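Colleague: I am new to reading helices in a protein model. Could you walk me through some, one feature at a time?

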Amino acid sequence: MENIKIQKVGPNHFLFKDGLPVFKLNESGVFVLSRWLSKKTPEEIAREMQIEYSIDFETALSDASDLIEQIQL
């Protein structure tokens with residue numbers, strides 16, 4: 001994952017891979033992927049999402065897992 005990073009460009013956040021922007025991220029996308037890049041598991045991310053976004057664990061885990069799978073990191 002060393003070739004992957006999140007960077008703010010103007011008001012927007014992007015996921016860069018090999019120096020190229022590949023996805024524009026919303027707030028929750030930044031939340032999930034920044035934690036994934038720091039080696040947290042989807043379950044750990046979901047627990048933090050519960051607190052941050054006041055959602056249940058199953059929804060948080062599903063959302064985090066879906067995004068990670070979609071990005072294919």
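Modeller: Let's begin with burial: the buried residues of helix H2 are Pro42, Ile45, Ala46 and Met49. Buried means under 20% relative accessible area, exposed over 50%, and partly exposed in between, using a 1.4 Å probe and protein chains only. Helices here are DSSP runs of H or I with at least four residues, strands are E runs of at least two, and both are numbered from the N terminus. This is a predicted model, in which local features need pLDDT of at least 70 and side-chain atom pairs count only at pLDDT 80 or more, while totals for chains, interfaces and linings use all residues. Residues are numbered from 1 along each chain as its sequence is written, and side-chain values use heavy atoms, leaving out hydrogens and water.

Colleague: What covers the buried residues of H2?

Modeller: The cover includes H1 and H3. Contact here means heavy atoms within 4.5 Å.

Colleague: Which residues of H3 are buried, and which exposed residues sit on the face turned away?

Modeller: Ala60, Ala64, Leu67, Ile68 and Ile71 are the buried residues of H3. These cover an arc of only 95° around the axis, so they lie on the same side of H3. The face turned away from that buried side carries the exposed residues Glu58, Glu69 and Gln70.

Colleague: How do I read the way H1 and H3 cross?

Modeller: Compare their axes, which are lines fitted to C-alpha atoms over the stretch in contact, with angles from 0 to 180 degrees between N-to-C directions. The axes of H1 and H3 come within 10 Å and cross at roughly 70°. That makes H1 roughly perpendicular to H3, a label for 65 to 115 degrees; under 35 counts as roughly parallel, over 145 as roughly antiparallel and the rest as oblique. Gly29, Val32, Leu33 and Trp36 of H1 make the contact with Ala64, Leu67, Ile68 and Ile71 of H3.

Colleague: Is Leu33 buried or exposed?

Modeller: Leu33, found in helix H1, is buried, with a relative accessible area of 0%.

Terms used. The arc is that of the directions from the helix axis to the C-beta atoms.
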